[in-house]
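Here is a friendly walk through some contacts and surfaces, written for reading alongside the sequence and the structure.

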Amino acid sequence: MSRHRRPFSLLAALTALAAPAALAGCSPGGSEAQVEPPSAPPADVAVLCAALHKELPGTVAELDRSRTVPESDLTAAWGGSAIVLRCGVGKPVKMLDPKQDGIEVNGVGWLVERLDDGGVRFTTGLRLAYTEVTVDKEHATDAGMLVGLSAAVAKTVPVGISNS
């Protein structure tokens, strides 16, 4: 992901990524989500992820936080598995490509990847722990989704380059 800054409109970016989903219904999903935690991040990363876990909002995109199975300080979900967060993931290979799309929300940079199923995956960059947020296609059009998540990341995961 390139470090240069481009003018950014979160609403435009998310709308362009998933405009067809705007007409889809917003089903909240189940009350729990199967989320595989990242495999054993370094201890310093696990501490940052635990701090992030405590700061995460109770609702994202008007979806309530769900229980994750297995329970872990490295994972969180909203609306069942509609929005899933995993902290302590490895650095995405695509982050090395300066042509990849990136956005900045509340001082947090995110790599933006379209998924084959119509969803979107956002991964933080330039932070001491990589955090990914996967959003299903029905919820990928909510421009405010990353605002609360970015605030929690900015508060708990310092700027820097993660070695993991």
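The notes below go through a predicted model, one kind of feature at a time.

## The disulfide

The structure holds one disulfide. Its partners are cysteine 49 and cysteine 87, with sulfur atoms 2.1 Å apart. Cysteine 49 sits in helix H2 (residues 43-55) and cysteine 87 in strand E5 (residues 83-89), so this link joins distant parts of the chain, 38 residues apart.

The angle about the S-S bond is -75°, and the link of cysteine 49 and cysteine 87 is left-handed. Both cysteine 49 and cysteine 87 are buried.

## An aromatic pair

A search of the whole structure finds one aromatic pair. The ring centres of tryptophan 110 and phenylalanine 122 are 6.5 Å apart, and because their planes stand at 85°, the pair is edge-to-face. Tryptophan 110 belongs to strand E7 (residues 108-114) and phenylalanine 122 to strand E8, and the two are twelve residues apart.

Tryptophan 110 counts as buried at 0% relative accessibility. Phenylalanine 122 is buried too, with a relative accessible area of 0%.

## Salt bridges

Side chains of opposite charge can pair when their charged atoms come close. The structure holds six salt bridges, and three of them are described here.

One joins arginine 86 in strand E5 to glutamate 132 in strand E9, 46 residues apart, with an N to O distance of 2.8 Å. Glutamate 132 counts as buried at 14% relative accessibility. Another salt bridge, at 3.8 Å from N to O, brings together lysine 94 and glutamate 113. Lysine 94 lies in the loop between E5 and strand E6 (102-105) while glutamate 113 is in strand E7, so the pair ties together parts 19 residues apart in sequence. Lysine 94 is partly exposed at 41%, whereas glutamate 113 is buried at 7%.

Arginine 67 and glutamate 71 meet at 3.3 Å, N to O. Here arginine 67 is partly exposed, with a relative accessible area of 43%, and glutamate 71 is exposed at 60%. Salt bridges with shared partners join Glu32, Arg67 and Glu71 into one network.

Which residues of helix H3 (residues 145-156) are buried? They are Met145, Leu146, Leu149, Ser150, Ala152, Val153 and Thr156. These residues lie on the same side of H3 because they cover an arc of only 160° around the axis.

Leucine 126 is found in the loop between strand E8 (120-125) and strand E9 (130-135), and is partly exposed, with a relative accessible area of 35%.

Note on methods: Residues numbered from 1 in each chain as written. Predicted model: local features only at pLDDT ≥ 70, side-chain atom pairs only at ≥ 80, totals over all residues. Heavy atoms only, no water. Disulfide = S-S within 2.5 Å. Helix = DSSP H or I, 4+ residues; strand = E, 2+ residues; numbered from the N terminus. Buried < 20%, exposed > 50% of the residue type's maximum accessible area, 1.4 Å probe, protein only. Arc of directions from axis to C-beta. Phe/Tyr/Trp six-rings, centres within 6.5 Å; stacked < 30°, edge-to-face > 60°. Salt bridge = Lys/Arg side-chain N within 4 Å of Asp/Glu carboxyl O.
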